[in-house]
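I opened this entry to record what I looked up in the structure below. The notes follow the order in which I checked things.

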Amino acid sequence: MDCGNGARARQHVFLLPEYLKDASKKMKSGLIFVKLVNPCSGEGTIYLFNMCQQQLFEIKVFKEKHHSWFINQSVQSGGLLHFATPMDPLFLLLHYLRKTGKESTGAAGQGKFQPLNQVVVDDMFPNCILLLKLPDLEKLLRHVTEEKEIDKKKYYKYSKEKTIKWLEKKVHQTVSALKTNNINVSARVQANAFFSGDQVSSDKEEDYIRYAHGLISDYIPKELSDDLAKYLKLPETSASLPNPPSKKNSKMTAAQKALAKVDKSGMKSIDSFFATKNKKKIGEI
Amino acid sequence: MESSDEVAVEKCRVHLRPGTLRDAACATLHLLPCEVQVNGPAPVERFFTPAIRQGPDGLEVSFRGRRLRGEEVVLPPGLVGYVTVMEEKGEGPVGKDFSEGSSNNDEREEQELAEPPEALERDFDQFIGAAASFSRFTLWGLETIPGPDAKVRGALTWPSLAAAIHAQVPED
């Protein structure tokens with residue numbers, strides 16, 4: 001793949017939060033790229049973990065056809081731009097809580113309370129134990145679990161009701177950010193409004209919610225995404241969609257699936273700015 | 001997937017040397033609107049840089065006989081750009097050269113709180129370091145400056161949106 005010269009190291013262009021630079025003063029090592037489960041697709045994905053401050057970062061790759069970098073006196077093909085942005089670890093924990101919740105559900109339909117170190121277990125991705133070191137875990141887990149304390153030891157059980165409410169807050173939080181960042185979520189509605197001249201404001205809010213739901217759906221499994229859509233009272237398929245996305249298409253990537261639920265006619269999704277296959281990119285380093 | 005090798009890969013951690021983030025020299029980056037199929041040295045300073053002209057609206061240059069138009073893109077606040085490279089195997093811990101005063105006691109403590117070093121660094125682990133940093137780059141388009149709809153500009157708004165998606169929500 002490379003130009004045959006062994007000394008020619010592949011360069012990666014990264015955008016990192018500035019505070020990592022300052023934080024690096026305190027650490028000799030501790031920033032590591034690890035493969036963890038992707039909470040949406042269940043596949044392996046590269047994340048960045050800050051061991052010193054116990055933070056999780058998601059890696060997204062911007063990739064568009066026909067681009068290359070000139071970096072000082074060198075050329076780097078591909079024109080890839082890697083983003084490391086802080087990620088809410090609860091999305092990953094949720095993956096394990098739901099899994100354990102399902103496995104332990106008996107005939108009565110009641111899940112068991114379990115200690116966290118028996119929940120976050122993964123033969124495929126052993127680095128998941130890093131999640132257990134995160135600070136304020138107990139506080140985080142309160143959003144999505146019922147908890148019990150026996151002999152000063154905490155036991156947790158996945159709660160779908162609490163999770164949906166937590167996700168609803170996430171959606172509204174994202175809607176605010178979409179508005180402040182002036183992300184265009186409703187080109188279609190605006191165009192329609194131009195001709196019919198009604199329902200502009202009410203439709204717009206729904207478009208924001210649908211868009212935010214699509215973004216959040218990139219971090220949760222489809223089942224939960226569907227439940228959230230129902231809870232948010234999002235219409236399952238919009239009548240105005242020219243090509244309703246086929247639900248049976250399992251070949252779609254996580255990002256595509258999320259986008260399929262969003263009305264894409266005439267709008268730009270933030271996620272579409274990134275290559276959907278960001279899994280292998282870092283692994284190649 | 002291969003079974004035994006795969007396990008090693010799954011366990012493998014790629015360490016980013018923190019010291020290199022502080023000491024990375026400033027780099028000049030250009031994002032070209034074409035795919036150059038090779039990775040390696042290029043005399044950018046000899047051919048490309050001297051040909052850049054300040055036109056009436058934006059920068060102009062030509063590459064392989066095609067006219068490019070471009071402009072400086074400043075990274076969103078709070079972000080730093082880095083160019084990272086993989087260390088060759090057996091190159092040794094470059095970090096030692098960079099982390100001046102690493103025998104500092106505070107630092108030791110911090111280290112031990114996190115995880116003992118031997119647990120962090122194992123034989124099959126790999127290391128990357130930041131070779132250069134940047135706060136802006138030049139974005140080039142063919143014939144015209146990439147407009148506000150350019151995908152890369154959209155991507156640069158991602159960190160602020162990601163912050164909202166992943167921020168903690170208030171408890172009830």
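**Model.** I note at the start that this is a predicted model.

**Interface.** I began with the two chains. I found 83 residues of chain A in contact with 77 residues of chain B. The size of an interface is often given as the accessible area lost when the parts come together. For chain A and chain B I read a buried area of about 7,700 Å². Carbon and sulfur atoms give 60% of that area. I then asked how many salt bridges the rule finds across this interface. The count is one. For the pair R142(A) and E171(B), which form a salt bridge, I noted 3.7 Å between the closest N and O atoms.

**Cores.** I looked up the largest nonpolar core, and it has 80 residues. Those with the most contacts inside it are L81(A), L131(A), L178(A), L29(B) and F137(B). Another core, of 22 residues, lies apart from it, and F14(A), I46(A), C52(A) and A130(B) are among its members.

Which residues does L29(B) contact, leaving aside its neighbours within four places in sequence? In chain A they are V13(A), W69(A), F70(A) and I71(A). In chain B they are V83(B), F134(B), F137(B) and T138(B).

**Aromatic pairs.** I counted eight aromatic pairs over all chains. F14(A) and F33(A) make a tilted pair, with centres 5.7 Å apart and 40° between the planes. F14(A) belongs to strand 1 (residues 11-17) of chain A and F33(A) to strand 2 (residues 31-37) of chain A, 19 residues apart. I checked burial for F14(A) and F33(A), and both are buried.

The pair of F91(A) and W166(A) is also tilted, at 5.2 Å centre to centre and 50° between the planes. F91(A) lies in helix 2 (residues 90-103) and W166(A) in helix 5 (residues 160-180) of chain A, so this pair ties together parts that are 75 residues apart in sequence. Both F91(A) and W166(A) are buried.

I also noted a cluster in which ring pairs link F70(A), F48(B), F63(B) and W140(B). F70(A) had already come up as a contact of L29(B).

**Charges over rings.** K60(A) lies over the face of W158(B), 5.0 Å from the ring centre. Within chain A, the charged end of K179(A) sits over the ring of Y208(A), at 5.3 Å from its centre.

**Helix 8 of chain A.** I listed the buried residues of this helix (residues 222-231): L224(A), S225(A), D227(A), L228(A) and A229(A). Just after the helix, K233(A) takes a positive phi of about 60°.

How values were computed. Residues numbered from 1 in each chain as written. Chains lettered and ligands numbered in written order. Predicted model: local features only at pLDDT ≥ 70, side-chain atom pairs only at ≥ 80, totals over all residues. Heavy atoms only, no water. Core = buried A, V, L, I, M, F, W, Y, C linked by side-chain atoms within 4.5 Å. Buried < 20%, exposed > 50% of the residue type's maximum accessible area, 1.4 Å probe, protein only. Contact = heavy atoms within 4.5 Å. Phe/Tyr/Trp six-rings, centres within 6.5 Å; stacked < 30°, edge-to-face > 60°. Helix = DSSP H or I, 4+ residues; strand = E, 2+ residues; numbered from the N terminus. Lys NZ or Arg CZ within 6 Å of the ring centre and 35° of its normal. Buried area = accessible area lost by both parts, 1.4 Å probe. Salt bridge = Lys/Arg side-chain N within 4 Å of Asp/Glu carboxyl O.
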